[in-house]
Amino acid sequence: MGNTSIKATRRQRETGRQMQRLRGQAVWRRGWIIGGAGIAALAVVALYLVYQSSQGKHGATAGDSGFKHVTGQPGAGSAAPMFTLTSGTGGQVSLTDFRGRNVLLYFQEGLSCQPCWDQIKDLEQNQAALKTAGVDAVVSITTDPANLIGRKVADEKLATPVLSDPTLQVSLTYNANKYGMMGEMRDGHSFILVGPDGIIRWRADYGGKPDYTMFLPTAKMLTDLTAERTS
């Protein structure tokens, strides 16, 4: 066999080996791409399932009132955490003071939220409706200093006890600081009905995103309370 034939044969063999390597690399790339796509698809499915699960537990509900809200924890059926806080008038108010009555706790953003104070005023103007719905008393809780709360209560001519929780000790216990416009440094717009035995009968957190509801008519709130409360 001549040198030319030998060289041609070698070139053919080398070309064949290169083509095999290229085919192997292509197969490896396809396998990697398919595997990566499969992993990505599984991750998307897993995230979707987690989202669906969380929505089922904590997803915002329009409710009969038409106002979206979630139900934080502790919720209905849980024992309401005890507390004693200073009111804007300077006295001490405890949850145990309302044992034997239905008391509606209203957590709100405080001095920077005028609609929150309008909410208290609206509650006071609808005391008859509250009584009909079985609410015997209303207590508001916010994180501002007691002396400043006292001035605001006087300026607004309110009779509702507004309690100061400056360290968020009580707010954190009730997880009421998760639904406001100011992050977790302040409370949102949460209503919690505590029964005569200290057990929570109903809860609705209206202040969360994306709507950040800071005021809703008392009649609307009572519509949700009546439809959702436990006996």
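In this predicted model, T142 is in contact with Q108, E109, G110, I149, V162, L163, S164, D165, R186 and D187, once neighbours within four places in sequence are set aside. T142 belongs to strand β4, which covers residues 137-142. With a relative accessible area of 0%, T142 is buried, since buried means under 20%.

V93 sits in strand β2 (residues 92-94) and, at 12% relative accessibility, counts as buried. In space, the C-alpha atoms of V93 and P161 are 8.3 Å apart, while 68 residues separate the two in sequence.

The aromatic side chains come next. Four aromatic pairs are found in a search of the whole structure. In one of them, the ring centres of Y106 and F191 are 4.9 Å apart and the ring planes meet at 15°, so this pair is stacked. Because Y106 lies in strand β3 (residues 103-108) and F191 in strand β6 (residues 189-194), the pair ties together parts that are 85 residues apart in sequence. Y106 is buried, with a relative accessible area of 0%, and F191 is likewise buried, its relative accessible area being 0%.

F107 and Y174 make a tilted aromatic pair, with 5.4 Å from centre to centre and 45° between the planes. This pair, too, links distant parts of the chain: F107 is in strand β3, Y174 is in the loop between α5 (169-173) and β6, and the two are 67 residues apart. F107 counts as buried at 0% relative accessibility, and Y174 counts as buried at 0% as well.

The structure holds one disulfide. C113 and C116 form it, with their sulfur atoms 2.2 Å apart. The torsion about the S-S bond is about 80°, so the disulfide is right-handed. C113 counts as buried at 4% relative accessibility, and C116 is buried with a relative accessible area of 0%.

Charged side chains complete the picture. Side chains of opposite charge can pair when their charged atoms come close. The count of salt bridges comes to six. Among them, K121 pairs with E156, the closest N and O atoms being 3.0 Å apart. K121 is partly exposed, at a relative accessible area of 29%, whereas E156 counts as buried at 14%.

E156 forms a salt bridge with K152 as well, and here the closest N and O atoms are 3.1 Å apart. E156 and K152 are four residues apart in helix α4, and so are separated by about one helical turn. K152 is buried, with a relative accessible area of 15%. Taken together, K121, K152 and E156 are linked in a network of salt bridges.

A further salt bridge joins R201 and D197, with 3.1 Å between the closest N and O atoms. R201 counts as buried at 13% relative accessibility, while D197, at 41%, counts as partly exposed.

How values were computed
Residues numbered from 1 in each chain as written. Predicted model: local features only at pLDDT ≥ 70, side-chain atom pairs only at ≥ 80, totals over all residues. Heavy atoms only, no water. Buried < 20%, exposed > 50% of the residue type's maximum accessible area, 1.4 Å probe, protein only. Contact = heavy atoms within 4.5 Å. Disulfide = S-S within 2.5 Å. Phe/Tyr/Trp six-rings, centres within 6.5 Å; stacked < 30°, edge-to-face > 60°. Salt bridge = Lys/Arg side-chain N within 4 Å of Asp/Glu carboxyl O.
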